[in-house]
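Here is a short report on one protein model.

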Amino acid sequence: MPEPEVRSGRVLVLGCGGTIAGVARAGHSAAEWVAYDAGALGAGQLVAALPGLAAVPLEVRDVARLDSCDMDIETWQALARAVGHALADPQIAGVVITHGTDTLEETAFFLHSVWASASKPVVLTAAMRPATAASPDGPQNLLDAVALARDSWIRGVLVAFGGQAWPGDEVRKLHGQSVAAFAGGPGGPAAVVANGVVTAFRLAPGAPSVVPEAIWGTDPARWPWVEIVTSHAGARGDGVAALLAAGVQGIVVAGTGNGSIHQTLRAALREAQARGVPVWRASRCIAGGVLGPWDDDLPLSGLLTPAQARIALVLQLLATR
Ligand code: SIN
């Protein structure tokens, strides 16, 4: 088997904010949860703090400085555009995106949906502890992400976290506080990184689901509005009625178990479907997705999480309007 090589060219580092770029608030210790500002540092500062990157050709810029719970369409458009230009630029070896952990899986799934067939690595990374913590996890994650972005065997959208790299369509945040916060599908990580050395097990497969220009060429205000509603004991249909009245254009229902839906909520969702609003069935369970057949015609989201299904439905509506 041929040895992996270092890709020639620069690594494009795009900063989006997050805890990896977080700084403890004045008067607070970095050990205090939430007493820090996510995205306080720019990507250039993260890179400059790492002597291990001094010899690596980098191009660094900030796309946003967000707490990723506030991730927005404009930032996704800017990322998709920047990645598209980087993929077409022979001087760029690969792309690294620093991001918050909270919606990392959504941005990864979104970029995977647009750039699944990328011939270069597009590696997102993040951290659970702010940059000012006594023992931040971001620096190593960033070093690993750059190693992945330069490795000749890696391509497609991945998330680098805790020494592992997960395909962008599989990765999921499983823990709210632990530094071992991320995992992926049953196939395990796509690659691991140890001491800067990448070992790749499988390449990110897949085909893009949308024409990239449709992503950045559409006014954010005209992106389809798709909401997630959750089924639970005592669920009601009033929320769905309110969404319909407000003009929602698609709904993903996070059902119980294999996607079962409380009968009252289900009646409201059938009404939405009858009015031409697509309704997709997903599961709120941590694993397993939804498998058919079901005795109605609510399309199944398969193994997609509700958050992923929401993005897939947005992209489908964007592609077909
Ligand atoms: C964020 O998602 O931006 C804040 C939380 C984190 O990065 O861990």
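Which backbone oxygen lies 2.5 Å from a polar atom of the side chain of Ser 283? That of Gly 257. The model is predicted: local features need pLDDT of at least 70, side-chain atom pairs count only at pLDDT 80 or more, and totals for chains, interfaces and linings use all residues. Residues are numbered from 1 along each chain as its sequence is written, and side-chain values use heavy atoms, without hydrogens and water.

**Ser 283**

Ser 283 belongs to strand 15 (residues 279-283); strands are DSSP runs (E, at least two residues), numbered from the N terminus. Ser 283 is buried, at 4% relative accessible area (buried means under 20%, 1.4 Å probe, protein chains only).

| Backbone atom | Distance to a polar side-chain atom of Ser 283 |
|---|---|
| Oxygen of Gly 257 | 2.5 Å |
| Nitrogen of Cys 285 | 2.9 Å |

Beyond four places in sequence, Ser 283 touches residues including Ala 254, Val 290 and Pro 306 (contact: heavy atoms within 4.5 Å).

**The two domains**

The domain assignment gives domain 1 (10-200) and domain 2 (224-319); such bounds come from an automatic or database assignment. Their C-alpha centres are 30 Å apart. Ten residues of domain 1 contact eleven of domain 2. About 850 Å² is buried between domain 1 and domain 2, 66% of it from carbon and sulfur atoms. This area is the accessible area (1.4 Å probe) lost on putting the two parts together, summed over both. In domain 1, Glu 106, Phe 109 and Arg 172 lose the most area to domain 2, together 59% of what that side buries.

Note on methods. Helices (H or I, at least four residues) and strands (E, at least two) are DSSP runs, numbered from the N terminus. Buried means under 20% relative accessible area, exposed over 50%, partly exposed in between (1.4 Å probe, protein chains only). A polar contact is a pair of N or O atoms within 3.5 Å; within protein, one must be able to donate a hydrogen and the other to accept it, and residues adjacent in sequence count only if both atoms are side-chain atoms.
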